[in-house]
Amino acid sequence: MFILGIGLFAFGLLVSIAWHELGHLSFAKLFGIRVPQYMVGFGPTMFSRKKGETEYGIKAVPFGGYIRMIGMFPPGDDGRISARSTSPWRGMIEDARSAAFEELQPGDEKRLFYTRKPWKRVIVMFAGPFANLILAVALFLTVLMGFGISQQTNTVSSVSKCVISQSQDRQTCKASDPASPAAAAGLKAGDKILSFNGVRTDDWNKLSDLIRANPDKTVPIVVERDGKDVTLTAKIASNLVAKKDSSGQYVQGKYVTAGFLGFSAATGIVKQDFGDSVVWMGERVGDAVDSLAALPGKIPALWNAAFGDAPREPDSPMGVVGAARVGGEIFTLDIPPTQQLAMALMLVAGFNLSLFLFNMLPLLPLDGGHIAGALWESLRRNLAKVLKRPDPGPFDVAKLMPVAYVVAGIFICFTILVLIADVVNPVRIS
């Protein structure tokens, strides 16, 4: 099952890469740019077939892909033009001026990437990451609306016997501790809370907020017990409870005084409607952006986990190898097969979301760097037109190649560090 999980993740990875490059390819062809190659993977070619003017193939190392477009850069002072890959892995080792000069054919002068209007170049380069975003959204919606996700429900799992401040590190009641409102009201494990103080409660977050907002108040609570509706009356206590952030998540180590009923909510698999799914995805995008911004600050802990005795943090950056291991572990968990599949789809969806955000960074050799170059050219040319100055011509993105090599070097070093950590001290979910 572990090997099956790794295999499914690898398949999802290949599909994601192929889908990304297909986004570039589709719009490049739509705008008349010649594309000699479309490749999934790197290294030796395992299989290829030429259809029309494009060679389609699969290479031995499935950790990336590229399409080769003619004329990615304007000609240099010597008038030469070279083709360049859209992939950061391939692109970082290509010379900006001469790598594929020999590939130019008669008629290519009108089919060069750099000769297209800036807005067309933006679309071509954005289409790849956007394809990953579309796939991520599709997979997220499939899981959220089709399979459901694990979350707290309005069903009572257990009832606290007394009121204990959540800031105290203890579970045992003392004689001085007052009885919990839930116990005093007769709430029992298995009860499903239908309404609180006359307000119908459809989900745990809403119920939790209502409880917190009514300290020291006596309220009616309607529960479903053995198929019947039962009305209970509870006086909500005022207690020190964990603080919530704007998204409803608990803030570790932070507490506020709020209403307290005194029971634990049961966890269940709950299907989401479209609106809830959109909100959930919006929160995940925000989390992903925050994680990307916090990435440099996590490098010391990652280094200590790879080369020292420090534990690997659960939110530590993972590479393809680490994600594949997680994919394998998912299929060894003691959960229903449907939830194993749902978790695997979530993993691939998260990978696609990360691929979208990472590629949108305005740095060469990433897609976002080419987008930034096209936007800057458009701004410069339009500004010259308004000021009635000579057209400055295409922006020579190749001049930024020194920056691209630095970025690529940093990326390689980070990738190696993550790879070592994934091998010697991997993130585990079991």
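**Entry 1: strand E5 and its partners**

I looked up Ser195 first. Its bridge partner in strand E7 is Val222. I am working from a predicted model. E7 covers residues 218-225, and its pairing with E5 is antiparallel, over four bridges.

Next I checked strand E6, residues 199-200. Two bridges join E6 to E5, and these strands also run antiparallel. I noted Phe196 here: its bridge partner in E6 is Val199. E5 and E6 make a hairpin, with two residues between them. In that turn I found Asn197 with a positive phi of about 55 degrees.

I then turned to the second largest pocket. Its space comes to about 1000 Å³. I wanted to know which elements give two or more residues to its lining. They are strand E4 (149-159), E5, helix H5 (204-212) and helix H6 (274-293). E4 gives the most, with six residues.

The lining has 32 residues. I listed those nearest the pocket centre: Gln151, Gln152, Asp203, Asn205 and Gln272.

**Entry 2: helix H7**

I moved on to helix H7, residues 299-307. Which of its residues are buried? I found Leu302, Ala305 and Ala306. These three span an arc of only 95 degrees around the axis, so they sit on the same side of H7. Helix H11 (401-424) is among the elements that cover the buried residues of H7.

**Entry 3: helix H1**

Last, I went to helix H1, residues 2-30. I checked its span from first C-alpha to last. H1 reaches 42 Å with 29 residues, close to the 42 Å expected at 1.5 Å a residue.

Glycines among them are Gly5, Gly12 and Gly23. Phe9, Leu13, Ile17, Leu25 and Ala28 are buried too.

What covers the buried residues of H1? I noted strands E1 (37-51) and E2 (54-69) among the covering elements. Helices that also take part include H3 (118-147), H8 (320-330), H9 (337-359) and H10 (367-386).

Terms used: Residues numbered from 1 in each chain as written. Predicted model: local features only at pLDDT ≥ 70, side-chain atom pairs only at ≥ 80, totals over all residues. Heavy atoms only, no water. Expected span 1.5 Å × (residues − 1). Buried < 20%, exposed > 50% of the residue type's maximum accessible area, 1.4 Å probe, protein only. Contact = heavy atoms within 4.5 Å. Pairing = 2+ DSSP bridges. Arc of directions from axis to C-beta. 1 Å grid on protein atoms, 1.4 Å probe; cavity = no way out; pocket = protein on both sides within 12 Å on 5 of 7 lines; lining within 4 Å. Points joined across faces, edges and corners; volume = space filled by probe spheres on them.
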